[in-house]
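Okay everyone, thanks for coming.

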Amino acid sequence: MVAKPHMIFAYGTLKEGLPNHALMEELMDKDDAVLVGTYFTRQPYPLVCGPHGIPYLINLTGPGQRVKGEVYAVSDSALVRLDEFEGVSAGYYERLPVVAVEEGGESVEAEAYFGHRSFGEVLWKVKGEMGLREYGEKEAREYVRKEDRPGGRNNILDLVR
């Protein structure tokens, strides 16, 4: 059994039934991830759909809503894969701590991928400071896979700036 020392709060396309959940399934099949359950952020955060239907949690406390997502316990190698997938080194997302709470009140310290600080607050303003409680099937219909996006991997930095 692989040790799973990291807790990840997934609020977007990695959730069950959404476009990139296959990555989580692959990690679970390799015993590198385990679904812990459905949780909400303890604090309200803005959650918006950016260009290409990509969800971004914005690291601003106060505005927004308590966001619904899934918590996964993941291994070191799974964390590396998730960081690569989320474009952490490229400045698309940053992995930051968040407290997630189950409906029954049980809380867990996890990390979530927030839209990078270089554009997060700007994106929130561009979206009229209107956020979502949950990224779901309706929002995922607008999602464009990385390989299908114009200009390569992701051009959020150019689009928001």
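Let's start with a pair of side chains: Glu-111 and Arg-95 meet in a salt bridge, 2.9 Å from N to O. Glu-111 sits in strand 7 and Arg-95 in strand 6, so this pair ties together parts that are 16 residues apart in sequence. Keep in mind that this is a predicted model.

Why can side chains pair up like that? Opposite charges can pair when the charged atoms come close.

Arg-95 has another partner, Asp-83, in a salt bridge of 2.8 Å, N to O. That one links strand 6 with helix 2, and the two residues are twelve apart. Is Asp-83 buried or exposed? Asp-83 is buried, because its relative accessible area is 18% and the cut-off for buried is under 20%. Arg-95, at 25% relative accessibility, counts as partly exposed.

Now helix 2 itself, residues 76-86. Its buried residues are Ala-78, Leu-79, Leu-82, Asp-83, Phe-85 and Glu-86. They cover an arc of only 160 degrees around the axis, so they end up on the same side of helix 2. Over on the other side, Asp-76 and Glu-84 are exposed. And what covers the buried ones? Among the elements doing that are helix 1, strand 5 and strand 6.

Glu-26 is in helix 1, 55 residues away from Arg-81 in helix 2.

Lastly, a search of the whole structure finds eight salt bridges. Okay, over to you!

How values were computed:
Residues numbered from 1 in each chain as written. Predicted model: local features only at pLDDT ≥ 70, side-chain atom pairs only at ≥ 80, totals over all residues. Heavy atoms only, no water. Buried < 20%, exposed > 50% of the residue type's maximum accessible area, 1.4 Å probe, protein only. Helix = DSSP H or I, 4+ residues; strand = E, 2+ residues; numbered from the N terminus. Arc of directions from axis to C-beta. Contact = heavy atoms within 4.5 Å. Salt bridge = Lys/Arg side-chain N within 4 Å of Asp/Glu carboxyl O.
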